[in-house]
Amino acid sequence: MYLPGVGPKKSQILEKELEILTISDLIHYFPYRYIDRSKFYKIREIETATAYVQVKGVIKGFRQMGEGRTKRLVAMFTDGDDFIELVFFKGLNYILDAYLLDTEYIIFGKPSLFNGKFSFVHPEIEKPSPDRMTGFMPLYHTSEKMKNHFLNSKAIQKLVLTALKSIDRKEIKETLPQHIIDKYHFPGAGEALVTAHFPKDMPTLDKALARLKFEELFYIQLAILRQVNQFRSKAMGHPFNTIGHYFNTFYKECLPFDLTDAQKRVLREIRADVRGPGQMNRLLQGDVGSGKTIVALLSMLMAIDNGYQACIVAPTEILATQHYESMSKMLEPLGLEVRLLTGSTRKKEREYIADGLTSGSLKILVGTHAVFEDKVQFAKLGIVIIDEQHRFGVAQRAKLWGKNIRPPHVLVMTATPIPRTLAMTLYGDLDVSVIDQLPPGRKAIQTEHIFDEKRPQLNNFLRRQMAQGRQVYVVYPLIKESEKTDMKDLENGFEAMKKVFSEFTVCMVHGKMKPAEKEAQMQEFISGRANMLVSTTVIEVGVNVPNATVMVIENAERFGLSQLHQLRGRVGRGGDQSYCLLITKYQISSDTRKRIDIMTQTTNGFEIAEADLRLRGPGDLEGTLQSGLPFNLRVADLSRDGALLTMARDEAEQLLTSDPMLSQPQNALLLNQLHSKTKNVVNWSFIS
Ligand code: ADP
Ligand code: MG
């Protein structure tokens, strides 16, 4: 408020819109984009995709390339020495008309790197004129409201300048250890900050941004890894010393198939964790259908053999019910009681479960979020297994710790592989096991892209599959914003299918149904009485019907990659050839095209996850991501800055090996920084 140019009104807006309260907040509010109009670049000088730059030159020729959706116009542009391609996907005719060959133009845009070559996609093209913008300038995000109060990007930059002038540059303390600055030739803290707001040229800007990004990632890694150290030194586990009656009997007599080598390896890793003095915190990644459930079950038996209780938590009622049923069946020969606790569990059953859990007579609980309620208390909880973790918020996981004085072992299972950069950031505190092998006899799922117009052929295909006794899923998107029309699409689809396939039984499930009704419809399909299930994404996670061989995804353009992959994972679970058919209308965007291409080209979950991160950027990932970080990222971007992240991780690891808690005097700076950065985050240490 007291900074010249701010005052009470603007300070309020800055606080509300950008959470800027102090000078420090202001100078750490970074631009989201840079525009370099300070000079004309030579094509060979283009080295990074950091800023928007301008190049003067002429177009030497046009070429039309590609077909259908990849159709594009490429202009060969030269500055007299080198060539660079200008690429256009839209308005091709207009561009051909509007721009002349061998006429001087200034093109302006952000270089993009494709196949190791820079090009400009849809650059601005203009004739040289004296009243063009000049300078190297940052752009800051502002809101409509801010602009109404004259707080546009330019005004913010000016405030930053005033702010920087109001403080002694020496007040900007160095925040990275000197040895790291020296090693990577980073600019100092003050210099990097000033450059980020007032860049002089591209190389200095690149260096400044690299430093700022590194710093963010470094402190995140430091926070996570130090927390792990702290935890390991304090946390007492529940050592499962023996492999006993239940495990052995089940393994020898009840196991319905031979475990894959990958399953065996993971079980050994889990075993090594739970027998030790500490607490297990393990992430189990395994693609859909890789057989995580049986690993979970065997881990639970380890707990029970050692006098502990076990609990498995699923994100949906359908999935919890399915686990409950399959586990009850598998454990029946052992005489082990299993109970199910969900939001719709009756009061009487609830009470029965509560008694069993507190007295310790009930050993195995399967459930949904309901398990996390404070009322649910265990006598001796030894292990918690969380299935399909990406649906669970960090806060919910954290609640587990309240259940015991000593935290139970935690096994988090996910079928959505997490790209390395994300895993290191979000789950850097978990050990990772991977089931990288599918059970034998599985055939690769065939994935095809089908246009709406081809429905008759599609129906013939579905009819043949069902006539052979196979079952079919048909999935419709349903999102909150368009719930009404989505429901209509689903219901119309259901009616249409019933008509087309009148000789078969078609059932329907969606999230709006009462649990009992949903359950009944689901059972129709699971039992094989229904040939086709029309549904929304309630079936996305975990449902297991090995006889289902076709997954039809309607309006596939409306699903994200990881969702498509999850849905596809519902088929291909038995020995029969399975198919995933992605239906879209004829006109689709280039993003949709990319997603569909990836789906038809690979079934590898890791490749898909990496592609997903690249296409969407991490900001877009579910809320779990942001809330899962010890503090928010301002400059670094997890989808682009993988190399910096690895550097940051290495440096953090090295520092912590010699000083696990950063308690030595020479590391006081780091500890201070950590505290000041994470001060707003409560209870981060208890996040599993
Ligand atoms: P996910 O990892 O997606 O949770 P599931 O645990 O549901 O996979 O297993 C998928 C299917 O594969 C189930 O029908 C399960 O019984 C079967 N399965 C699991 N492991 C094996 C194995 N080693 N051999 C044969 N079938 C297996
Ligand atoms: Mg599963």
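**Around the ligand**

Author: Of the 16 residues around ligand 1, those that come nearest are D258, G289, K292, T293 and R442; a residue is near a molecule if one of its heavy atoms lies within 4 Å of it. This is a predicted model, where local features need pLDDT of at least 70, side-chain atom pairs count only at pLDDT 80 or more, and totals for chains, interfaces and linings use all residues. Residues are numbered from 1 along each chain as its sequence is written, chains are lettered from A and ligands numbered from 1 in the order written, and side-chain values use heavy atoms, with hydrogens and water left out.

Reader: OK, what does the backbone of D258 do there?

Author: One of its backbone N or O atoms is 2.8 Å from a nitrogen atom of ligand 1. A polar contact here is a pair of N or O atoms within 3.5 Å.

Reader: And which atoms do the side chains of Q263 and R573 reach?

Author: Q263 has a polar side-chain atom 2.9 Å from a nitrogen atom of ligand 1. For R573, a polar side-chain atom lies 3.0 Å from an oxygen atom of the ligand. On its own, ligand 1 has 560 Å² of accessible area, and the protein covers 84% of that (Shrake-Rupley method, 1.4 Å probe).

Reader: Switching to rings: how many aromatic pairs are there?

Author: The structure holds 14. Rings of Phe, Tyr and Trp (its six-membered ring) pair if their centres lie within 6.5 Å; planes under 30 degrees apart are stacked, over 60 edge-to-face, and the rest tilted. F247 and Y251 are a stacked pair, 5.8 Å centre to centre with 10° between the planes.

Reader: Why are F247 and Y251 about one helical turn apart?

Author: Because they are 4 residues apart in helix α9, residues 245-254 (helices are DSSP runs of H or I, at least four residues, numbered from the N terminus).

Reader: Is F247 buried or exposed?

Author: F247 counts as buried because its relative accessibility is 10%, while Y251, at 32%, counts as partly exposed. Buried means under 20% relative accessible area, exposed over 50%, and partly exposed in between (1.4 Å probe, protein chains only).

Reader: Which residue lies over the face of F40?

Author: That's K56, at 4.4 Å from the ring centre. K380 also has its charged end over a ring, that of Y308, 4.4 Å from its centre. The rule is NZ of Lys or CZ of Arg within 6 Å of the ring centre and within 35 degrees of the ring normal.

Methods
Polar contact = N/O pair within 3.5 Å; in protein donor to acceptor, adjacent residues only side chain to side chain. Helix = DSSP H or I, 4+ residues; strand = E, 2+ residues; numbered from the N terminus.
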